[in-house]
Amino acid sequence: MTGLVAVLVTTFLASAVEAIEMVTIVVGVGATRGWRSTIIGAASGFGVLAVVVVVLGAALRAVPIGPLRLVVGALLLVFGLQWFRKGVMRVAARGFAGIGGSDPHEAAEWTGPGMDWTAWLLAFKGVVLEGLEVAFIVVTFGAGANQLGTAVVGGVGAVVIVGGIGFSLHQTVRRIPRSLLQLVVGILLTTFGSFWSLEGLGVEWPAGDGAIIGLLALYVLTAVIYITLERQRALGLRPAV
């Protein structure tokens with residue numbers, strides 16, 4: 001019984017870390033780009049993930065996650081830096097205008113009638129990568145302790161609980177000024193992109209997943225510095241570079 005509880009708790013906590021990253025990306029993209037395409041992208045990611053898990057099963061331990069981290073991280077970094085730059089410029093220019101999306105200058109990025117493929121792709125990639133991480137955790141802990149069923153319960157439970165919390169907060173996220181929200185999402189995507197792409201290249205982070213906090217703080221500080229410089233330039237306090 002002690003071993004069963006240990007596997008359940010360990011799998012749940014380890015999976016919760018990955019689920020938080022997944023939900024952060026999906027909620028951030030949905031609040032910034034729109035929910036329809038984001039939800040479809042997330043659902044597509046879960047569909048692909050389910051097929052992979054069913055087909056490969058315990059063989060997932062043999063799948064190299066490094067190349068996938070590199071590709072997904074690089075793509076997130078590209079999108080993240082674009083949103084980071086736009087967020088800095090908009091916050092510097094208009095501050096916290098657009099509470100609840102009321103500022104016409106800060107309308108959602110996608111207004112077309114069809115699919116927003118950027119939102120779809122970001123949500124899809126976030127779900128697939130983090131979902132695979134959860135699957136690896138479940139298989140590793142479950143098979144190692146001969147408690148695969150218990151590990152599955154812990155992993156799925158973490159995704160469901162964290163996902164439920166994220167969904168319950170999505171209305172609160174939508175009340176954030178759009179200019180600030182775009183900056184926040186840009187910082188998050190840049191943070192995860194940096195972490196995953198360098199991990200995919202074989203970099204061993206000193207604190208493991210804890211390095212995400214350090215990267216997040218670094219990009220927040222960078223954003224604050226650039227916003228300050230942009231405001232000073234706009235006020236004519238320093239010459240344009």
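**View 1. Arg233 and Glu230 join their side chains in a salt bridge, 3.2 Å from N to O.** The model shown here is predicted. How exposed is Arg233? Its relative accessibility is 35%, so Arg233 counts as partly exposed. Glu230 has a relative accessible area of 18%, and because buried means under 20%, Glu230 is buried.

**View 2. Asp116 and Arg33 form a salt bridge through their side chains, with 2.9 Å from N to O.** This pair ties together distant parts of the chain, as its residues are 83 apart. Asp116 sits in the loop between α3 (66-94) and α4 (117-144), while Arg33 is in helix α1 (residues 2-33). Are these two residues buried or exposed? Asp116 and Arg33 are both buried. With the pair of View 1, that brings us to the two salt bridges that the structure holds.

View 3. What span should we expect for the 24 residues of α8? At 1.5 Å a residue they should span 34 Å, and the end C-alpha atoms are 35 Å apart, so the two values agree.

**View 4. A closer look at the buried residues of α8 takes in Ala211, Ile212, Leu215, Tyr219, Ala223, Ile227 and Glu230.**

Definitions and conventions. Residues are numbered from 1 along each chain as its sequence is written. This is a predicted model: local features need pLDDT of at least 70, side-chain atom pairs count only at pLDDT 80 or more; totals for chains, interfaces and linings use all residues. Side-chain values use heavy atoms; hydrogens and water are left out. A salt bridge is a side-chain nitrogen of Lys or Arg within 4 Å of a carboxyl oxygen of Asp or Glu. Helices (H or I, at least four residues) and strands (E, at least two) are DSSP runs, numbered from the N terminus. Buried means under 20% relative accessible area, exposed over 50%, partly exposed in between (1.4 Å probe, protein chains only). The expected span of a helix is 1.5 Å times one less than its number of residues.
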